[in-house]
Amino acid sequence: MAEVNVLVVDDEEVVLASCERALQSQGYAVISAQSVDQALAELENNSFDVVVADLVMPRKGGMELLKILRETYPQIRVIMITGYSSINTAVESIKLGAFDYLSKPFSPAELVLTVKKALEEKGRLVSPYLTDQEMPGQMIFDNIIGNSSRMIEVFKFVSKVAATDTTVLIIGESGTGKELVARAVHKNSRRKDNHFVVVDCLTLTPTLLESELFGHIKGSFTGAVSAKAGFFEVANQGTLFLDEIGDLSFDLQGKLLRVIQERKYTPVGGTEPRETDIRLVAATNKNLKKMVETGTFREDLFYRLYVVPIFLPPLRERKEDIPILVEHFLRKFSSRYQKPVPAMSEKVIKCLLNYAWPGNVRELENTIERAAVSFEGGEILPSDLPEQIQKEVGEGAGLAPGTLGELKKMKKQLREKAIEDIEKEFVLSALSSHNFSVAEAAKAVGMQRTNFYRLIRKYNIKLPKSEEELESADTHNHDH
Ligand SMILES: Nc1ncnc2c1ncn2[C@@H]1O[C@H](COP(=O)(O)OP(=O)(O)OP(=O)(O)O)[C@@H](O)[C@H]1O
Ligand SMILES: [Mg+2]
């Protein structure tokens, strides 16, 4: 994973030092500056993900820095530090594009949480609506939309493995985006300027396999009127994508294994073996491990492929992604069919959020396409949806958006939920690395114990019995 770089700007050395310590404890690289001018010099020489800046400083203040940052470094998230007296300016700074502000005094934990939120927001830069300029040096995730923590993990993981040459196995239900991810691995690798070749294992037959993979020499069999390059030749220096690998017959699995092992092939009808340099990416919606147990998938091939697995979660486990996907597909299809971007009725959104999407993103995409094609003004109604989706009007999501604007509001609510998830994880990890001692965990993250305990209760985290009794007795005492 790429390193996180934070610039802290404050004229008070104490504040700088404590921010530095808190952020470094998270493994972030921190640089401090005591004035706006010094900060600008650092910005020239380094690239930062987040800037934390005091609003009030002698000579130039944080507001001035914010303006420069928004103009010159729009990709950097800015967090303002404010004293009690500058709260109005803090609000003003949000209007000017600051990500958030921290009121003095703040705890290290608050700082860390806010920076994490800002980074999470940065992770959202996978949206296709951002131009390259807003996303310098980022990985290419063409049209893979997602801002759920599950998908952000996938993006991070893909960034890591793309740089290597290792075999990757992508595992996920049908329609979860396995092919998109396979392409992303290729596009972010050193092989990106060579071919990405898809082999659909479902359509391979014993007779086709060899000539498809290895190619053939002219006249080598009836119908071979001209020489044909096989996938192995075309993919040389590039990536070979073995799609639906779980659907390959047992017999063909053996043949494929041999090729993978040797990385050498002889075209049908040829005599000279040829070398090939390919990176393998395979995908499956089957449980290959189980297939190995039941004897339908070769164990040796399994271990050849199962080097680095990437699990793509089904859409029902990352419903936060539904609004952003819907927005993406609405734009895509209304531009394709040259229609205005439709609005969606409140009920439609509820249906989409409550439905289980067995066909995952592909099913959602098809649903939106159908609705967009038949759209004739007004708004999309439940009756524009397939029957099984129309039925799903529970109270589950409790959201009521109707337009794209409201869709954005809904996204914000879901984001807040994601922040709660992070907070809970934060508490849990502090606890588990301190043997579930509330006192020690609270101290380590720099929070008051009672506040920390409040979070434990908020998230219903179970403590070992003795700790719990101790703490509730303790809290009780504090109340008196
Ligand atoms: N995260 C995503 N963002 C945008 N579009 C997506 C996303 N995931 C999937 N899609 C779209 O959904 C469709 C299915 O994706 P893809 O073909 O990659 O899935 P798959 O896992 O290979 O499915 P299958 O197992 O059925 O082959 C494609 O049209 C793809 O563009
Ligand atoms: Mg596929």
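The shell around ligand 1 takes at least three residues from domain 2 (149-313) and at least three from domain 3 (318-407). Keep in mind that this is a predicted model. There are 17 residues around ligand 1, and the closest are Ser 174, Gly 177, Lys 178, Glu 179 and Val 361. Two elements, α7 (178-187) and α15 (360-374), each give two or more residues to that shell.

Now for the cores. The largest nonpolar core has 43 residues, and the members that touch the most others are Ile 170, Val 181 and Leu 240. Helix α6 (residues 149-162) is the top contributor here, giving 5 residues. Let's look at Ile 170: setting aside neighbours within four places in sequence, this residue contacts Lys 178, Val 181, Ala 182, Val 281, Ala 283, Ile 310 and Leu 312.

Leu 96 sits in the loop between α4 (87-95) and β5 (100-103). Beyond residues up to four places away in sequence, Leu 96 touches Leu 66, Lys 67 and Arg 70. Take Arg 70: it is 26 residues from Leu 96 in sequence, yet their C-alpha atoms are 8.1 Å apart.

A few backbone details deserve a stop. The peptide bond from Lys 104 to Pro 105 is cis, with omega near -5 degrees, and Pro 105 lies in the loop between β5 and α5 (108-123). Gln 237 isn't a glycine, but its phi is positive, near 75 degrees. This glutamine is in the loop between α9 (231-234) and β10 (239-243), and it is partly exposed because 13 other C-beta atoms lie within 10 Å. Gln 338 also has a positive phi, about 50 degrees, without being a glycine. Its loop runs between α13 (321-336) and β15 (343-344), and with 6 C-beta neighbours inside 10 Å, Gln 338 counts as exposed.

Finally, how confident is the prediction? Mean pLDDT for the chain is 82, with 85% of residues at 70 or more. Over residues 394-401 the pLDDT is below 50, and that stretch has 16 contacts in the model beyond near neighbours in sequence. Residues 124-138 stay under 50 as well, with 18 contacts beyond four places in sequence.

Notes:
Residues numbered from 1 in each chain as written. Chains lettered and ligands numbered in written order. Predicted model: local features only at pLDDT ≥ 70, side-chain atom pairs only at ≥ 80, totals over all residues. Near = placed C-beta within 6 Å. Helix = DSSP H or I, 4+ residues; strand = E, 2+ residues; numbered from the N terminus. Domains from an automatic or database assignment. Contact = placed C-beta atoms within 7 Å. pLDDT = per-residue confidence, 0-100. Core = buried A, V, L, I, M, F, W, Y, C linked by C-beta atoms within 7 Å. Buried ≥ 20, exposed ≤ 12 C-beta atoms within 10 Å, placed from the backbone.
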